[in-house]
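I opened the notebook to record what I looked up in this structure, element by element. The entries below follow the order of my reading.

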Amino acid sequence: VRPEFLLPFHGEPRHQNQVVQLAQTLGIGRERVLVADDYDRITVRPGKASISGRVPGEAVMVDGMGIGDVGDAVLRDRRILSTDGVVFVTAVIDDLTGDVLDGPVVETRGFVQVSGAAELLEDTVDEVAQALAEADPDEELEDIEARVRRTVQKLLRDRTGRRPMVIPVLLVVGDGEEGEEVN
């Protein structure tokens, strides 16, 4: 086959560049090979082919059975998880006093090997315990979780330079006030 023009469309840019090199070894001049990006408009006329602009459009993400339903927030979270991992911080808190009944416990996935970071994790537990001790018993649970998240994020960023996703899980237990339902 002796094409007048060649348009490599398959694979990543490195694959397309290999097609360009192959075409040159077969005698097809570089000026006759069009390497286009997604949404580039190709104009073909007798004896001439060129990239002549772009058409409107954007990539559509396919995630399992869903098409186009992966938002920026999900992609950002997946990027963080894939590069910096996740840290879970759990503690059980008394509903009336705000005292820590159990924990805090720090677990990581994709962040650090526990065997090599025992001191870091111990320091994280200490910082979380301090943040919980400073919480007012009447403070909203969401505010306490936010304080724990900020405390852990700052410590880990300062000590490791990494920014893992931090998920505080605070379980509130107790009898609550008389006649009040406890969740």
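I began with the outward side of helix 3, where E119, E122, D126 and A133 are exposed; exposed means over 50% relative accessible area, buried under 20%, and partly exposed in between, with a 1.4 Å probe and protein chains only. I noted that this is a predicted model, in which local features need pLDDT of at least 70 and side-chain atom pairs count only at pLDDT 80 or more, while totals for chains, interfaces and linings use all residues. Residues are numbered from 1 along each chain as its sequence is written, and side-chain values use heavy atoms, with hydrogens and water left out.

I then listed the buried residues of helix 3, which are L120, L121, T124, V128, A131 and L132. Seen down the helix axis, these buried residues fall within an arc of 110°, so they line one face of helix 3; the arc is taken from the directions from the helix axis to the C-beta atoms. An α-helix has 3.6 residues a turn, so residues three or four places apart point the same way. I looked up the packing partners of the buried residues of helix 3 and found strand 5 (86-94), strand 6 (100-109), helix 4 (141-160) and strand 7 (165-173). Helices (H or I, at least four residues) and strands (E, at least two) are DSSP runs, numbered from the N terminus.

I checked the length of helix 3 as well: its 16 residues (118-133) should span 22 Å at 1.5 Å a residue, and the end C-alpha atoms are 22 Å apart, which agrees. The expected span is 1.5 Å times one less than the number of residues.

**Strands 5 and 6**

I followed strand 5 into strand 6 and found that the two pair in the antiparallel sense over seven bridges; pairing requires that DSSP finds at least two bridges between two strands. The two strands form a hairpin with five residues between them, and G98 in the turn has a positive phi of about 80°. Across the pair, F88 stands opposite E107 in strand 6. P104 also lies in strand 6, and a cis peptide bond with omega of about 0° joins G103 to P104.

**Backbone at Y39**

I found Y39 in the loop between helix 1 and strand 1 (40-45), with phi near 75°, a positive value in a residue other than glycine. Most residues other than glycine have a negative phi, and most peptide bonds are trans. At 27% relative accessibility, Y39 counts as partly exposed.

Is Q16 buried or exposed? Q16, which lies in helix 1 (residues 13-25), is buried, with a relative accessible area of 8%. Its side chain reaches the backbone oxygen of P8 at 3.5 Å. Leaving aside neighbours within four places in sequence, I recorded P8, F9, H10, G11, V35 and A36 in contact with Q16, contact meaning heavy atoms within 4.5 Å.

T83 is in helix 2 (residues 72-84), and a polar atom of its side chain lies 3.0 Å from the backbone oxygen of R79. The C-alpha atoms of T83 and R162 are separated by 8.7 Å, although the two are 79 residues apart along the chain.

**Whole chain**

Note on methods:
A polar contact is a pair of N or O atoms within 3.5 Å; within protein, one must be able to donate a hydrogen and the other to accept it, and residues adjacent in sequence count only if both atoms are side-chain atoms.
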